[in-house]
Amino acid sequence: MNIQDLRDRAATLRASMSPAMSMQAFQACQARIDLLSKAIAALDRLAEAQAIADRAVEECVKWG
């Protein structure tokens with residue numbers, strides 16, 4: 001599962017939430033959305049760290 005899949009899943013959950021839902025179902029959906037958001041943020045940070053590491057390796061090869 002990639003970042004876009006997680007974003008799509010969160011959007012689907014948001015779209016499925018309605019005022020007709022029970023409070024428990026609403027809270028469960030919100031909790032899942034929160035977990036997906038945290039996973040997306042972690043993967044974004046990981047991708048950024050990977051890009052920085054790749055650039056560092058390139059510089060080491062260039063100067064090494």
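A: A residue is called buried when its relative accessible area is under 20%, exposed when it is over 50%, and partly exposed in between, using a 1.4 Å probe and protein chains only. What you see is a predicted model, in which local features need pLDDT of at least 70 and side-chain atom pairs count only at pLDDT 80 or more, while totals for chains, interfaces and linings use all residues. Residues are numbered from 1 along each chain as its sequence is written, and side-chain values use heavy atoms, with hydrogens and water left out.

The part to follow is helix 2, residues 23-63, where a helix is a DSSP run of H or I with at least four residues, numbered from the N terminus. Helix 2 has 41 residues, and the distance from its first C-alpha to its last is 60 Å, close to the 60 Å expected at 1.5 Å a residue; the expected span is 1.5 Å times one less than the number of residues.

Which residues of helix 2 are buried? They are Cys-29, Ile-33, Leu-36 and Ile-40, and they pack against helix 1, contact here meaning heavy atoms within 4.5 Å. Cys-29 has a relative accessible area of 8%, whereas Cys-60 is exposed at 56%. A search of the whole structure finds zero disulfides, a disulfide being a pair of cysteine sulfur atoms within 2.5 Å.

The partner, helix 1, covers residues 3-16, and its 14 residues should span 20 Å, which agrees with the 20 Å between its end C-alpha atoms. Its buried residues are Ile-3, Leu-6, Ala-10 and Leu-13. Seen down the axis of helix 1, these residues fall within an arc of 90 degrees, so they line one face of the helix; the arc is taken from the directions that run from the helix axis to the C-beta atoms. The buried residues of helix 1 pack against helix 2, while the face turned away from the buried side carries the exposed residues Thr-12 and Ala-15.

Returning to helix 2, Leu-43 lies within this helix and is partly exposed, with a relative accessible area of 29%. Leaving aside residues up to four places away in sequence, Leu-43 touches Ile-3 and Leu-6, both of which belong to the buried residues of helix 1. Leu-43 and Cys-60 are 17 residues apart in sequence and 25 Å apart in space, C-alpha to C-alpha.

Side chains of opposite charge can pair when their charged atoms come close. A search of the whole structure finds one salt bridge, meaning a side-chain nitrogen of Lys or Arg within 4 Å of a carboxyl oxygen of Asp or Glu. This salt bridge joins Asp-44 to Arg-7, whose closest N and O atoms are 3.3 Å apart. Asp-44 lies in helix 2 and Arg-7 in helix 1, so the pair ties together parts that are 37 residues apart in sequence. Asp-44 is partly exposed at 34% relative accessibility, and Arg-7 is partly exposed at 38%.

Gly-64 lies in the segment after helix 2 and is exposed, with a relative accessible area of 95%. Between the C-alpha atoms of Gly-64 and Ala-51, which are 13 residues apart in sequence, the distance in space is 19 Å.

Notes
Helices (H or I, at least four residues) and strands (E, at least two) are DSSP runs, numbered from the N terminus.
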